[in-house]
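Take a look at the sequence and the 3D structure below. This report moves from one pair of side chains to the whole chain.

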Amino acid sequence: MSNAINVTVPVSTDIAVVLTGIIRAEPDAGGYSASIPALPGCHTQGETLEEVRANLREAAEGWLAVAHDDGLAREAAEGAP
């Protein structure tokens with residue numbers, strides 16, 4: 001009789017992702033608002049185009065990091081006895 005143990009080793013890799021962001025001028029409030037439709041809830045704003053673009057990149061990175069962490073937590077919960 002064998003006492004073999006199956007172990008799953010996590011693999012990590014960097015992947016370039018192209019996402020489309022929508023930037024809108026906000027004449028009443030001043031500045032710009034932006035969102036990424038493919039990432040629900042990923043919204044930001046900025047006073048200049050450069051600022052809103054930088055904020056949108058940061059928002060997308062944060063959104064993807066949280067989604068990744070949630071996926072890992074879900075996998076761990078599904079594997080728990």
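What joins the side chains of Ser35 and Arg24? A polar contact of 3.3 Å joins them. Keep in mind that this is a predicted model.

Ser35 is found in strand β2, which covers residues 32-35. Ser33 has its place in strand β2 as well. Is Ser35 buried or exposed? Its relative accessibility is 7%, so Ser35 counts as buried. Buried means under 20% relative accessible area. Ser33 has a relative accessibility of 15%, so Ser33 also counts as buried.

Each serine has a polar partner. For Ser33, the partner is Glu26: the two side chains make a polar contact of 2.6 Å. For Ser35, the partner is Arg24, at 3.3 Å.

| Serine | Side-chain partner | Polar contact |
|---|---|---|
| Ser35 | Arg24 | 3.3 Å |
| Ser33 | Glu26 | 2.6 Å |

Which residues is Ser35 in contact with? They are Thr20, Gly21, Ile22, Arg24, Cys42, His43 and Leu56. Ser33 is in contact with Ile22, Ile23, Arg24, Glu26, Thr44, Gln45 and Val52.

**The whole chain**

From the N terminus on, the order is β-β-β-α. Why is the protein called more spread out than a compact globule? Its radius of gyration is 19 Å, while the globule rule gives 12 Å for 81 residues; 19 Å is well over that, so the protein is more spread out than a compact globule. The box filled by its C-alpha atoms, taken along the principal axes, is roughly 75 × 25 × 15 Å.

How many of the 81 residues count as buried? The share is 15%. Ser35 and Ser33 are among the buried residues.

**Surface and charge**

The protein exposes about 6,800 Å². Carbon and sulfur atoms supply 54% of that area. What about charge? The protein has 4 positive and 12 negative charges.

Note on methods. Residues numbered from 1 in each chain as written. Predicted model: local features only at pLDDT ≥ 70, side-chain atom pairs only at ≥ 80, totals over all residues. Heavy atoms only, no water. Helix = DSSP H or I, 4+ residues; strand = E, 2+ residues; numbered from the N terminus. Rg over C-alpha atoms; globule rule 2.2 N^0.38 Å. Buried < 20%, exposed > 50% of the residue type's maximum accessible area, 1.4 Å probe, protein only. Areas by Shrake-Rupley, 256 points an atom, 1.4 Å probe, with all protein chains shown as cover. Lys, Arg positive; Asp, Glu negative; His and termini not counted. Charge placed at Lys NZ, Arg CZ, Asp CG, Glu CD. Polar contact = N/O pair within 3.5 Å; in protein donor to acceptor, adjacent residues only side chain to side chain. Contact = heavy atoms within 4.5 Å. Lists of a residue's contacts leave out its neighbours within four places in sequence.
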